[in-house]
Amino acid sequence: MASFFSRISTFRIFLLCSLCFSDFGFLQGVSSLGINYGQLGNNLLPPEKVLDLLSSLRITKARIYDTNPQVLTAFANSGVELMVTIENAMLGQLSNPQAAFQWVTSHIKPYVPATKITSIAVGNEVFTDDDTTVLLSNLVPAMVSIQGALAQLGLDQYIKLSTPCSLAVLQESYPPSAGSFKTEVSGVMSQLLQFLQTTKAPFWINAYPYFAYKGDPNRVSLDYVLFNPNQGMVDPFTKLQYDNMLYAQVDAVIYAMARLGFNGIEVKVSETGWPSNGDENEIGATLQNAAIYNRNLLRRQLQNEGTPLRPKLRLEVYVFALFNENMKPGPSSERNYGLFHPDGTMAYNVGLSSVSTNSATTPSTTSSSVSDFTSSATKAATMEYNQSWVYWMLVCVLSFQVYMRRPF
């Protein structure tokens, strides 16, 4: 009888291990996926509820656009990796080492290690800001000062500094092997790349294939920008095959860095997404396209893919954005990038709901509008999930039968 109970205990351990290493949960094990948590809305969930939502979706990386104390406090002991942001207007002040030390001491140190701050975005799209000249002169000095402050406080091994760049920094992006930076930014860009190489930090880019399609819908293939099956394109110089624009944009940045003499710096996507609504002249900004783009992007993330140029290095991507934000300026599309409405209900279903337990049900009008065009990519991901779950259940059942049939 003791042997029987021993076998039952062994079976329980085996079952637990099987569940832990299976693909239970749509996003379990997708460590290369993050999401942008913008807060330009007057009707958003409080940070504590946002954390509950992220936990239910199994998302473990998020980016915020400031150092909001409420968010940093709410995310303590959650395990969620946070990228925080220094506003562009602060760069001039923080180029002073003493001011940088005071900023890190008051905005970062009080929250770590309980809050898992892993990255600081020093500005956002500084190279293409309206006040570019002043900002660029302060960018790298501010990064050097903040890096020094982190080192003094013993945080430099845990927190990396970078600055998200718009793809508008590129002079050429097609084909990818022709990638090059604009001449007017090459001087500061070289300084930035030297900093990133020295500190082993990544180059962040905000990449939106949507803008390419919106700008020239007659020449840019919609399937190509949406990750749908398509003929793709072959780089005539490298002969590498590209089946989507996002990967081509990333590789164009890698080639641009190489032209300035910098190889080996990792490229990560700090923003990418697709608006679910827009003004009349915003071609392609539809609920259907947004759902397809993000569904297909999630499928690629499930596979931990790299780009054609770096196929063995998984591409880390932050989806823009978690919520529709009603206070964002600009065209209608700017307020409609969210996967979720401000109250936590889905704007459309991209597959995240398969592990969500406490987000509200999507209104029926939204559900019906997206239910008829589930992409082949989503079906493949769902099939993979179901097959994995069935496989592990079968292994557990067979193992139990083997133990029960053996003599005590």
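Over which residues does pLDDT stay under 50, with 47 contacts beyond four places in sequence? The stretch is residues 1–29. This is a predicted model. Its average pLDDT is 85, and 79% of the residues score at least 70. The protein has 13 helices and 13 strands. An open sheet of nine strands, paired in parallel, is described below.

**Confidence**

- Residues 354–391 also keep a pLDDT under 50. The model gives this stretch 58 contacts beyond four places in sequence.
- For residues 1–29, the corresponding number is 47.

**Overall build**

- The protein has 408 residues, and 51% of them count as buried.
- Take the contacts in the protein with a separation of 6 or more: 70% of them join residues 24 or more positions apart.

- The nine strands run in the order S5-S4-S3-S2-S1-S13-S12-S9-S6. The pairing is parallel and the sheet is open.
- Strand S5 (160–162) and strand S6 (165–166) are the edge strands. Each pairs on one side only.
- S6 pairs with strand S9 (residues 203–206) in the parallel sense, over two bridges. Ile-205 in S9 is the bridge partner of Cys-165.
- Helix H11 (residues 287–302) packs on the sheet. H11 touches strand S1 (33–36), strand S12 (267–272) and strand S13 (317–319). The direction of H11 makes about 150° with that of S13.

**Helix H2**

- H2 spans residues 47–57. Its buried residues are Pro-47, Val-50, Leu-51, Leu-53, Leu-54, Ser-56 and Leu-57.
- These buried residues pack against S1, strand S2 (61–63) and helix H3 (69–74).
- In an α-helix, residues three or four places apart point the same way, because there are 3.6 residues a turn.
- Arg-58 follows H2. The phi of Arg-58 is positive, near 60°.

**Aromatic pairs**

- The whole structure holds 15 aromatic pairs.
- One of them joins Trp-204 and Tyr-318, with ring centres 5.6 Å apart. Their planes stand at 80°, so the pair is edge-to-face; the cut-off for that class is over 60 degrees.
- This pair links distant parts of the chain. Trp-204 lies in strand S9 and Tyr-318 in strand S13, 114 residues apart.
- Trp-204 counts as buried because its relative accessibility is 4%. Tyr-318 is buried too, with a relative accessible area of 2%. The cut-off for buried is under 20%.
- Tyr-210 and Phe-211 form a tilted pair. The distance is 5.3 Å centre to centre, with 55° between the planes.
- Are the members of this second pair buried or partly exposed? Tyr-210 counts as buried, at 0% relative accessibility. Phe-211 counts as partly exposed, at 39%.
- Ring pairs also build a cluster. Its members are Tyr-65, Tyr-208, Tyr-210, Phe-211, Tyr-213, Phe-227, Tyr-247, Trp-274, Tyr-293, Phe-320 and Tyr-337.

Technical notes:
Residues are numbered from 1 along each chain as its sequence is written. This is a predicted model: local features need pLDDT of at least 70, side-chain atom pairs count only at pLDDT 80 or more; totals for chains, interfaces and linings use all residues. Side-chain values use heavy atoms; hydrogens and water are left out. Two strands pair if DSSP finds at least two bridges between them. Helices (H or I, at least four residues) and strands (E, at least two) are DSSP runs, numbered from the N terminus. Contact means heavy atoms within 4.5 Å. Axes are lines fitted to C-alpha atoms, for helices over the stretch in contact, and angles run from 0 to 180 degrees between N-to-C directions. Rings of Phe, Tyr and Trp (its six-membered ring) pair if their centres lie within 6.5 Å; planes under 30 degrees apart count as stacked, over 60 as edge-to-face and the rest as tilted. Buried means under 20% relative accessible area, exposed over 50%, partly exposed in between (1.4 Å probe, protein chains only). pLDDT is the predictor's confidence in each residue, from 0 to 100.
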